[in-house]
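Dear colleague,

Here is the structure I promised to pass on. Please look it over; my notes follow below.

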Amino acid sequence: MITNLAKKTEYVNHYSFHIMDPDWGHVTIKMSGHPPFGAQVILNGHEYVACQARRAGIAFGKDGNCFTAVADPAGLARVADALSQHAAVGRLGQVCDRWIYTACLCFALDSSEQRRSGFSYNYSI
């Protein structure tokens, strides 16, 4: 029989990693400091489009999250449309894997511990 129920306030530290990825621009990974090391990966499609437009040589102006001038609107639209294609799912997984295991989880489990334990993330959107 449970006789003493008391509300407790527990705090869990979360750590935010701000990463400049060459393909995606600013990526933020927010991770719990305690097992099972839950993580939230934050990507911005406008950052991806800007990185890919630079790579394609498309000139543009951008203020914050807003494209303010574009030299080749059709070219920028093609870059942006790539995010709605099925292959974008694989690219999303790749950027998450590229950073979450090497730049974030390594503070909790080194690479040999990750392999030995079989620890891995599954992603959902």
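How many bridges join strand S2 to S3? The count is 4, with strand S2 (residues 25-32) and S3 running antiparallel. Strands here are DSSP runs of E, at least two residues long, and helices are runs of H or I, at least four residues long, both numbered from the N terminus. Two strands pair if DSSP finds at least two bridges between them.

Before the rest, the ground rules. This is a predicted model: local features need pLDDT of at least 70, side-chain atom pairs count only at pLDDT 80 or more, and totals for chains, interfaces and linings use all residues. Residues are numbered from 1 along each chain as its sequence is written, and side-chain values use heavy atoms, with hydrogens and water left out.

The three-stranded sheet

The sheet is open, has 3 strands in the order S1-S2-S3, and pairs antiparallel. Strand S1 (14-21) and strand S3 (39-42) are the edges, each pairing on one side only. From one strand to the next, the twist averages 15°.

S1 and S2 are antiparallel, with 8 bridges. A hairpin of 3 residues connects S1 to S2. His18 has Thr28 in S2 as its bridge partner. Lys30 is bridged to Gln40 in S3.

Helix H3 (residues 87-104) lies across S1, S2 and S3. H3 runs at about 125° to S1. Angles run from 0 to 180 degrees between N-to-C directions, and axes are lines fitted to C-alpha atoms, for helices over the stretch in contact.

Strand S4 (residues 60-63) and strand S5 (residues 66-70) run antiparallel, joined by 4 bridges. Their hairpin has 2 residues between the strands. Gly64, in the turn, has a positive phi of about 65°. Phe60 stands opposite Val70 in S5.

The helix pair

The axes of helix H1 (residues 45-56) and helix H2 (residues 73-81) come within 9 Å and cross at roughly 125°. That makes H1 oblique to H2 (under 35 degrees is roughly parallel, over 145 roughly antiparallel, 65 to 115 roughly perpendicular, the rest oblique).

H1 makes the contact (heavy atoms within 4.5 Å) through Tyr48, Val49, Gln52 and Ala53. H2 contributes Leu76, Val79 and Ala80. The contact residues divide into 6 nonpolar, 1 polar and no charged (Ala, Val, Leu, Ile, Met, Phe, Trp, Tyr, Cys and Pro are nonpolar; Asp, Glu, Lys and Arg charged; the others, Gly among them, polar).

Best regards
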